[in-house]
Amino acid sequence: MKDKEIKGQSSFNQIKTSTNVIFNIIFLILGLMCIFPLLFVFSISITSEEALRMGGYQIIPQELSNAAYVFLWNERGTIFRALFMSVLVTVVGTVITIALTTSMGYVASRSNYKLKKLYTWIIFIPMVFNGGMLASYVVINNILGLRNTIWALILPLACSSFSVTICRTFFRTTVPDALIEAAKIDGADQFRIWSSIVLPISKPVMATIGMFAAFGYWNDWFQASLYIQDKNLQTLQSMLNKIQENIEYIANNPYGGLSLQQYKMGMPTESVRMAIAIVIIVPIACTYPFFQRYFISGLTVGSVKE
Amino acid sequence: MGKEKAPRSKAKVRKKRWTKDDTELTLLSLPTVLWYLIFAYLPMFGVVIAFKEYRLAPGGHGFLYNLFASDWVGIKNFKYFFTSNSFAMLLRNTILYNIAFIIISATVAVGGALILSNMRNKRGSKVYQTMMFLPYFMSWVVISYFVYALLTPEKGYMNGLITALGGEPVMWYQEKKYWPFILVILNTWKGMGYGMVMYLASITSIDTSLYEAAVMDGATKWEQMKHITLPGIKPVFVMMLILDCGKIFNSDFGLFYQVTRGIPQSLYTTVSTFDTFIYNSIQSTAPIGQTAAASFFQAVCSCGTILFANWVVSKIDNENRLI
């Protein structure tokens with residue numbers, strides 16, 4: 001009996017093997033449910049239009065075809081422009097977000113800053129009250145006149161009290177006042193301290209904020225649907241949103257001696273939609289597992305009460 | 001925010017005069033403060049639109065000029081909104097969906113986190129977490145395509161399955177009765193990974209010596225969960241609850257608008273919420289004052305509910321209040 005107990009030390013206070021197996025089965029099913037859309041959409045995108053018409057959407061492709069991807073390649077002018085816009089908005093937006101958020105977070109975290117109390121309120125009030133969707137729309141559209149500019153996609157999402165709070169908590173706990181004082185004695189001003197001392201040691205929090213921002217920008221279609229009509233400024237998401245009603249939206253470059261009309265008639269409509277969805281999901285699906293821990297650290301820091 | 005009141009001794013040490021340091025810090029934060037003024041505080045003044053009857057003044061002036069030249073109409077816009085056919089329906093939909101979302105998501109997230117934390121194969125648990133995080137990173141536009149592939153009447157996978165089993169095909173996008181379930185399932189499915197991982201992080205941060213002591217005292221797994229794990233995650237749980245209650249008048253616009261493919265007429269009364277109503281009004285030619293009234297009503301209610309939820313929590317359990 002005693003021997004058994006010692007032997008069982010490693011499995012001490014653990015659930016029974018049978019329970020563990022059941023738990024694993026449950027989670028395997030849940031996990032598969034979550035990646036199922038990716039596989040399903042991909043398998044539709046490589047099914048021939050003929051098979052889709054006859055057999056409907058199937059999990060296992062009835063007849064393989066690369067027609068959708070050939071079509072997208074043929075329309076690469078449009079696709080690459082949208083891809084470029086998506087990347088541009090994501091990169092510029094993320095950089096601006098990090099700059100705005102970390103500077104505000106740093107300033108609000110300084111305990112001897114004169115306006116500290118005011119800043120606490122500036123950050124706090126938008127967490128509980130906002131002007132509503134219409135008022136934001138009016139400000140961006142009518143007062144700032146950002147309609148059909150890239151800034152309408154970037155600026156409204158560039159900062160949030162949630163991420164500023166994460167930064168402030170982080171700086172308060174990891175940047176000691178002594179370090180700042182020492183830098184000041186060496187003659188550094190606050191801007192220099194922020195850029196060459198604070199930012200380098202705040203990589204974890206920058207990664208968290210940056211990741212939230214980058215995925216937010218990449219996935220945004222809402223701002224685009226409100227403010228962007230210009231075809232040249234479409235991102236991938238807003239293009240996908242547009243072709244929901246009108247797939248012919250992207251059919252512009254007939255080839256093989258077809259007229260535009262014939263070309264539009266013959267395009268692999270169903271699979272092309274799904275192929276564009278794949279173009280959007282794959283970059284995310286390939287990157288998020290590597291950045292997942294930053295999300296988790298952000299979630300835990302964010303849940304530290306102020 | 002209770003912490004902001006620094007101890008007295010510290011307040012004495014604090015410099016009273018404005019220093020060069022303060023100037024530099026102010027300049028450093030200036031861009032962000034400007035952002036806050038323009039994108040967070042300026043819209044708050046948008047409330048005046050709700051009390052005006054916006055008209056284009058002759059002479060092609062800008063928006064602000066027209067706004068100030070328009071007549072004050074008191075609460076007429078609000079009256080119109082409250083007495084319209086849609087109001088009761090929007091209120092019911094928004095609140096009931098949110099209550100269902102909050103209860104089901106919280107249950108799934110806490111339950112899932114408890115299971116994950118007890119799982120013996122840690123690597124497996126990591127893999128499951130990563131898989132379940134994927135929907136969180138997909139936009140509703142992408143998800144709406146996937147749902148379409150499942151539900152479209154002629155070619156959809158679900159109808160294929162139903163007819164293969166000998167049933168009648170369902171016109172999914174026209175049948176009201178299925179949508180509350182579809183929306184709840186999708187919402188739970190998308191937020192599941194996020195919720196579980198958050199609660200799991202809070203479970204792993206519980207002091208392990210508590211469990212060791214409990215085992216010494218002969219506590220079963222079940223008792224440990226009841227007396228250590230659940231109290232341990234209570235602060236996070238309460239915080240999430242307050243935040244969720246604050247959003248009870250808001251809705252995830254993409255879920256309601258994209259997944260239903262722009263809210264077809266046949267589903268209008270089942271899947272409309274304040275957000276979809278306001279969005280549709282912005283896109284239509286509805287008078288801007290009425291839209292502003294709806295939008296302002298929503299914002300005020302959100303503010304009210306978050307403060308109320310916080311007040312309730314502070315009465316029951318002052319330690320866990322948010323503000």
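Start with two helices of chain A in this predicted model: H6 (residues 116-128) and H9 (residues 161-174) pack with their axes 9 Å apart, at an angle of about 140°. That angle is why H6(A) counts as oblique to H9(A); the cut-off for roughly antiparallel is over 145 degrees. As for handedness, H6(A) and H9(A) make a left-handed crossing.

Now look at who touches whom. From H6(A) come Ile123(A), Phe124(A), Pro126(A) and Met127(A), and they meet Ser161(A), Val164(A) and Thr165(A) of H9(A). Sorted by class, this contact has five nonpolar residues, two polar ones and no charged ones.

Step back to chain A as a whole. Its secondary structure comes to 16 helices and zero strands. The chain has 306 residues, and 41% of them count as buried. Take the contacts in chain A with a separation of 6 or more: 73% of them are between residues 24 or more positions apart.

While you're in chain A, have a look at the loop between helix H7 (133-143) and helix H8 (151-154), where Asn148(A) sits. Its backbone is worth a glance: phi of Asn148(A) is near 60°, a positive value, and the residue isn't a glycine.

Arg261(B) has 17 other C-beta atoms within 10 Å, so it is partly exposed; being buried would take 20 or more.

Staying in chain B, find helix H7 (residues 122-133). Its 12 residues reach 17 Å from the first C-alpha to the last, close to the 16 Å expected at 1.5 Å a residue. Which residues of H7(B) are buried? They are Tyr128(B), Gln129(B), Met131(B), Met132(B) and Phe133(B).

Chain B brings 81 residues to the contact and chain A brings 80. On the side of chain B that touches chain A, the largest share comes from helix H2 (residues 20-41) of chain B, with 14 residues. By class, that side of chain B is made up of 51 nonpolar, 17 polar and 13 charged residues.

Conventions: Residues numbered from 1 in each chain as written. Chains lettered and ligands numbered in written order. Predicted model: local features only at pLDDT ≥ 70, side-chain atom pairs only at ≥ 80, totals over all residues. Contact = placed C-beta atoms within 7 Å. Helix = DSSP H or I, 4+ residues; strand = E, 2+ residues; numbered from the N terminus. Nonpolar A, V, L, I, M, F, W, Y, C, P; charged D, E, K, R; others polar. Expected span 1.5 Å × (residues − 1). Buried ≥ 20, exposed ≤ 12 C-beta atoms within 10 Å, placed from the backbone. Axes fitted to C-alpha atoms, helices over the stretch in contact; angles between N-to-C directions. Parallel < 35°, antiparallel > 145°, perpendicular 65-115°, else oblique. Left-handed = near helix turned anticlockwise from the far one by under 90°.
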